[in-house]
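Hi everyone, thanks for coming. Let me put the structure up on the screen, and then I'll walk you through it piece by piece.

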Amino acid sequence: MLRVFWCVLLRDLTLALRRRTDVLTTLFFFIIVVSLFPLGVGTERQILQILGPGVVWVAALLASMLALERLFAADYEDGTLEQMVLTAQPLSLLVLAKITAHWLLTGLPLVLIAPLVGMQYHLSDDAILIMMVALLLGTPVLSLIGAIGAALTLGLRGGGILLSLLILPLYIPVLVYGAGAVTASGIDMADTRPYLALLGAFLVAALTFAPLASSAALKISIE
Amino acid sequence: MLFSGLDFAVAGGTLLHVRGANGSGKTTLLRSLCGLFTPDSGEIRWNGESTRRLGEDYRRDLLYFGHLNGIKADLTGIENLRVAATLDGDRVDESAIWAALARIGLVGFEDLPTRMLSQGQKKRVALARLILSNAPLWVLDEPFTALDVGAVDLLETLIAEHVAHGGIVVLTTHQEVGLTSGQVERLHLGS
């Protein structure tokens, strides 16, 4: 079981490394969107500190959207997805492996670049730390929920736009609590705990249900 | 409606040759057999049990080869076969993979991503799964297209061997397939 999970994970990571542009696009999109705001609204310290958490999270949402469309599309086009559905392995396990690979390639880089991005917004060290933790808990949720949408819109014409209409509203709780955690860290570090706990709860819930829902959606889309 | 009133059973050691004009529903029938398409009504049974209910147990016994090769263009032939074997739940035996690669005549191309190979060579990589597979039921949709004479011979040999060992092959093709043992049954759609 674990062997199959590793196999699919490594396969997707290898594929991404041979086609690096896809990974870098997401990261650079995130960096550019986040950097545009200080240029637009000016460099006043207080305004940026208020804007920062929200902007970073909205940019993370959009960046993760950007990569979602390709999560299953490539495998669908060359028939490997069909083969995965037909193996004796539980499809939700294979889907979870694909989502994990997707997060490692598109979510984790955002977490790692967060300190750099936070500095543009004059965020304190505490705020940056909380932002990293919140992103670490929140970005996997984005990948997991997004996978359901990607599976549902697979093979549809104009699926990309439909996907964002379908998925972005579902991202709202993550946005609210993710940005809330960073804002709360400006008042008292202890105040961030409930926000992070809720993000953790979202993560557990998404980990439980999203692979099952995505694999059910994939089976429908493949017909 | 594509077809109705279809009722047949295939015993071990049989090649079922599905024929019919373009658009008569050959691919749909084959995809239904695999569970990739749900028929409006009717049931498909494997060893007397509904394939829907068997689920993973049925898919373990099944190998499907469709219009799409089902190989990743950015992976090499070896990597593709290794992934396919792992997903099939077989212990991945490197020497078996190399042997399969030798048999399809792609030794020397093992370091190239399959995107650099020709159409026929890609198809050969996909066909190597037949050599590695232990599944008793093969469902092959137009397996002979894009293959050269040598590969056609190889595929015919593989099918004949599989049937001789008591396996079942269901295929669509426009050419005759010779068998060394076992029997050929024909199903004509759209008449």
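So, what is the mean pLDDT of chain A, and what share of its residues reach 70 or more? Keep in mind that this is a predicted model. For chain A the mean pLDDT is 90, and 100% of the residues get to 70 or more.

Now chain B. Here the mean pLDDT is 85, with 97% of residues reaching 70 or more. Within chain B, β5(B) comes out highest among the elements with a mean of 91, while β7(B) is lowest with 81.

Okay, let's look at helices in chain A. When two helices pack, we describe them by the angle between their axes and the distance between those axes.

Start with helix α7, residues 108-120 of chain A, against α8(A). Their axes are 9 Å apart and the packing angle is about 155°. Angles over 145 degrees count as roughly antiparallel, so α7(A) and α8(A) are roughly antiparallel to each other. The crossing of α7(A) past α8(A) is right-handed. Who touches whom? From α7(A) we have A:Leu110, A:Val111, A:Ala114, A:Pro115 and A:Gly118, and the residues they meet in α8(A) include A:Ala127, A:Ile128, A:Met131 and A:Leu135. By class, that contact of α7(A) with α8(A) has ten nonpolar residues, two polar ones and no charged ones.

Stay with helix α8, residues 125-152 of chain A, and turn to its packing with α10(A). This time the angle is about 20°, and the axes are 7 Å apart. That makes α8(A) roughly parallel to α10(A). α8(A) passes α10(A) in a left-handed crossing. The residues in this contact of α8(A) with α10(A) are 22 nonpolar and five polar, with no charged residues.

One more pair: helix α9, residues 159-185, and helix α10, residues 192-222, both in chain A. Their axes come within 8 Å and cross at roughly 155°. So α9(A) and α10(A) are roughly antiparallel to each other, and α9(A) crosses α10(A) in a left-handed way. On the α9(A) side you'll find residues including A:Pro173, A:Val174, A:Tyr177 and A:Ala181, and on the α10(A) side A:Tyr195, A:Leu199 and A:Phe202 are among them. The classes in this contact of α9(A) with α10(A) are ten nonpolar, four polar and no charged residues.

Now over to chain B, and its sheet. In what order do the five strands sit? They go β4-β5-β6-β1-β7 in chain B, as an open sheet with parallel pairing. At the edges are β4, residues 62-65, and β7 of chain B, each with a single partner strand, so one side of each has no neighbour in the sheet. From one strand to the next, the twist averages 15°.

Let's zoom in on strand β1, residues 14-19 of chain B. Five bridges join β1 to strand β6, residues 168-172 of chain B, and the two run parallel. You can find B:Leu15 opposite B:Val169 in β6(B), and B:Val18 opposite B:Thr172 in β6(B). There are also six bridges from β1(B) to strand β7, residues 183-188 of chain B, again a parallel pairing. In β7(B), B:Val18 has B:Leu187 as its bridge partner.

Helix α1, residues 26-34 of chain B, lies across β1, β4, β5 and β6 of chain B, and runs at about 150° to β5(B).

Last stop: where the two chains meet. How many residues does each chain bring to the contact? Chain A gives 21 and chain B gives 23. On the chain A side, α1, residues 2-18, and α5, residues 80-85, each supply at least two residues. The largest share of that side, seven residues, comes from α1(A). By class, the side of chain A that touches chain B has eight nonpolar, six polar and seven charged residues.

Key:
Residues are numbered from 1 along each chain as its sequence is written. Chains are lettered from A and ligands numbered from 1 in the order in which they are written. This is a predicted model: local features need pLDDT of at least 70, side-chain atom pairs count only at pLDDT 80 or more; totals for chains, interfaces and linings use all residues. Two strands pair if DSSP finds at least two bridges between them. Helices (H or I, at least four residues) and strands (E, at least two) are DSSP runs, numbered from the N terminus. pLDDT is the predictor's confidence in each residue, from 0 to 100. Axes are lines fitted to C-alpha atoms, for helices over the stretch in contact, and angles run from 0 to 180 degrees between N-to-C directions. Two residues are in contact if their C-beta atoms, placed from the backbone, lie within 7 Å. Angles under 35 degrees count as roughly parallel, over 145 as roughly antiparallel, 65 to 115 as roughly perpendicular and the rest as oblique. A crossing is left-handed if the near helix is turned anticlockwise from the far one by less than a right angle, and right-handed if clockwise. Ala, Val, Leu, Ile, Met, Phe, Trp, Tyr, Cys and Pro count as nonpolar, Asp, Glu, Lys and Arg as charged, and the others, Gly among them, as polar.
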